[in-house]
Amino acid sequence: MEKTNKLLEHFWLVFTIASFLFACYSVLFIAQTRSEFNKFYIPAISFFWWLFRRSMRRRMERNQQG
């Protein structure tokens, strides 16, 4: 279970970084319209999933220690 939680935490972190870089690239180089800023919703949501997974992992580790 610990390995799964750590794997999912890393997945969400990598997904957040990749989607943020894509959104920045899209806004700066592809189309510089106001509607392109909607692409930053996905990195924001995935960042909160990463925070959630991280806090859950830390809570589980703290409960297992004592």
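Seven residues of helix α1 deserve a look at the outset: N5, E9, T16, S19, A23, S26 and V27 are buried (under 20% relative accessible area, with exposed over 50% and partly exposed in between; 1.4 Å probe, protein chains only). Their cover includes α2, residues 41–65. The model is predicted: local features need pLDDT of at least 70, side-chain atom pairs count only at pLDDT 80 or more, and totals for chains, interfaces and linings use all residues. Residues are numbered from 1 along each chain as its sequence is written, and side-chain values use heavy atoms, with hydrogens and water left out.

**Helix α1**

- Helix α1 covers residues 2–30, which is 29 residues (helices are DSSP runs of H or I, at least four residues, numbered from the N terminus).
- At 1.5 Å a residue, α1 should span 42 Å (the expected span is 1.5 Å times one less than the number of residues).
- The end C-alpha atoms of α1 lie 41 Å apart, which agrees.

**Packing of α1 and α2**

- Two packed helices are described by the angle between their axes and the distance between the axes.
- For α1 and α2 the angle is about 160 degrees, and the axes are 8 Å apart (axes are lines fitted to C-alpha atoms, for helices over the stretch in contact; angles run from 0 to 180 degrees between N-to-C directions).
- The two helices α1 and α2 are therefore roughly antiparallel (angles over 145 degrees).
- Their crossing is left-handed (the near helix is turned anticlockwise from the far one by less than a right angle).
- On the α1 side, the meeting residues include E2, L8, W12, F15 and F20 (contact means heavy atoms within 4.5 Å).
- On the α2 side, I42, F47, W49, W50 and M60 are among them.

**Salt bridges**

- The structure holds two salt bridges (a side-chain nitrogen of Lys or Arg within 4 Å of a carboxyl oxygen of Asp or Glu).
- E9 pairs with R57, with the closest N and O atoms 2.4 Å apart.
- E9 lies in α1 and R57 in α2, so this pair ties together parts that are 48 residues apart in sequence.
- R57 also forms a salt bridge with E61, at 3.1 Å from N to O.
- R57 and E61 are four residues apart in α2, separated by about one helical turn.

- R57 counts as buried at 13% relative accessibility.
- E61 is partly exposed, with a relative accessible area of 35%.

Note on methods
Parallel < 35°, antiparallel > 145°, perpendicular 65-115°, else oblique.
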